[in-house]
There are 2 protein chains.
Amino acid sequence: MDNRQIVLNERPEGKVTSSTTRLVSEPAPEVGDGEALIRVAMLSIDPTIRTWMDDAPGYLPPIQLGEVIRGGGAGVVVESKSSRYREGDIVFGMTGWQEFALATNDNRFAVLPKGLGLDLGTVMNVLGVTGVTAYFGLLDVGAMTPGDVVVVSGAAGATGSVAGQIAKARGASKVVGIAGGPEKCADVVERYGFDECLDYREAHLRRRLRAACPSGVDLYFDNVGGEILDDVLTTLAMRARVVLCGAISQYNAVGSRHGLENTSTLITRRARMEGFIILDYSSRFDEARAELAAMVLSGALRHQEHIVKGLERAPEALNHLFSGENRGKTLVEVDESVLLG
Amino acid sequence: MDNRQIVLNERPEGKVTSSTTRLVSEPAPEVGDGEALIRVAMLSIDPTIRTWMDDAPGYLPPIQLGEVIRGGGAGVVVESKSSRYREGDIVFGMTGWQEFALATNDNRFAVLPKGLGLDLGTVMNVLGVTGVTAYFGLLDVGAMTPGDVVVVSGAAGATGSVAGQIAKARGASKVVGIAGGPEKCADVVERYGFDECLDYREAHLRRRLRAACPSGVDLYFDNVGGEILDDVLTTLAMRARVVLCGAISQYNAVGSRHGLENTSTLITRRARMEGFIILDYSSRFDEARAELAAMVLSGALRHQEHIVKGLERAPEALNHLFSGENRGKTLVEVDESVLLG
């Protein structure tokens, strides 16, 4: 059985190009004792994957040249020598960009409960890394309380759209999105129910933020970093919390990055800026998933998947996250037949 | 009775100059019911005073042109129509840069307990704003715990030197100072007992920080902002806390300020950067003062005062904070006879 894989060919400078990765093929792995073979159905395309391609210190080691691109995914167990997995189980975890992944003791997968009544795309979006990131970022790191004025950047994106909807559901007094372009902004308000959405491509973002949040921003959920973060820093309310979830504007930056000039407001407003990595919350994922699944089933949580077909298009799908071409959660369908069997 | 005052003459660009302030004289204020007149003995010269001279939003309104320069000080009650103060009491509060200040309901002063056995300079330094800032910044905002690797900038300064000594006393595994020049660095180690002090004027601060803190910095007490803060951000340990106490490097900056480029480590290290304003802790000052006074009396807390004589030299004393000419706490002696009478 062949296992097609996408491996790192050379380190990108800026955007991923056709020479950043290459497609290789090798035999599917042998299943050892305690292991299981997973046929990959879908890949979760997340901005953080781009950071792992750089030879720079991060929260995980860089992907090595020649190594399969690291990333989350879902699939079906096709062979198991582990008591943890049964043939036919739908599982989630770090599949990497390939057709077959091996579940080992070092690389454990979560098994999807039966009868959830949600399709795989929804599950990978809302119950996947994206949804739980929004949940813990907002509620735990950001310590959101009812009445907060909440601003979310990347508001049309997978994490941002969920974060804003949780904020609404939890009693935020106002939820303001920031997104790029009028179509995304319309989506943020009409589809996801934010109170307002500011287009960062238009001029005077700072002034529009102040107009939208005259009493200041209590909680800013930042998915983008850079200039937008710097602008929001000028509009913080007293004791504001800035949750650093990601800095997508900086991941493709070549040379100098945007330097934050307005952090002195953290002093004058007694505010806090804090980063987090969702892996630290893995023992609490079920708590988030229970609430998120209930919200989806009740219709309180709207979501959208942008599905790109074909393993070989995963690098292109990753670029979509940065060019703004995507809507909602970007997924790559590796093999549609997997889930029909 | 004349009351000599220093008022804001024009807003400074960069450093305070001879035309920034002017000396005026007016009759000492009449004492109304519930008020008391204070003869000012000493002024506390703090970097934050420089920020109040700018016409920019801050945690307090800017000083207006023609208004007495705002600032803390101590003096003796010479007339009282208030049950709160008795003639002869030594009191602390916002005296402003003048010879006589009025204690009113809006401008309350703390009365120094009798028989403390500490001279006024020591009290204004260690038990004044400086000492309590170090205390709450380190222990409350920074949530210092025994075993932390603590780095303090402005380590030869009034707040920094106290912060480092509290950290040692509370069981930090290592306390590293950052200061400007070999003499200050020697002071930080020999006088204040830090484990090490790095001279930021020498090259490769980042590399020297990594060498001094190979397991990373758990708590950074930042008094300076700017490039030094940016360098320390690259060396944070997991779950590090960065306490923003002040940004003295930026207060005189004309035009563009240093933009922080390394805040992405807040994400990868799950770290937190938080600002505070000491006024918020005023209801808890006694708690800090009790511990600080005990440390001074037992010899566990070393301190130093840099006393400049003459009200008219207060602007010059303020500049000392930024040029690095001062050592320890900068105080202006307005009238030495006050405390002898």
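Predicted model: local features only at pLDDT ≥ 70, side-chain atom pairs only at ≥ 80, totals over all residues.

Residues are numbered from 1 along each chain as its sequence is written, and chains are lettered from A and ligands numbered from 1 in the order in which they are written.

Chain A is divided into domain 1 (2-112 + 304-339) and domain 2 (129-279), with bounds from an automatic or database domain assignment. The C-alpha centres of these two domains of chain A lie 29 Å apart. Their contact takes 17 residues from domain 1 of chain A and 13 residues from domain 2 of chain A; residues are in contact if their C-beta atoms, placed from the backbone, lie within 7 Å.

Now the helices, which are DSSP runs of H or I with at least four residues, numbered from the N terminus. Helix α2 (residues 120-127) of chain A packs against helix α10 (residues 285-298) of chain A at about 130 degrees, with axes 10 Å apart. Axes are lines fitted to C-alpha atoms over the stretch in contact, and angles run from 0 to 180 degrees between N-to-C directions. The angle therefore makes α2(A) oblique to α10(A), since angles under 35 degrees count as roughly parallel, over 145 as roughly antiparallel, 65 to 115 as roughly perpendicular and the rest as oblique. On the α2(A) side, T122(A), V126(A) and L127(A) make the contact, and on the α10(A) side R289(A), L292(A), A293(A) and V296(A).

Key: Helix = DSSP H or I, 4+ residues; strand = E, 2+ residues; numbered from the N terminus. Contact = placed C-beta atoms within 7 Å.
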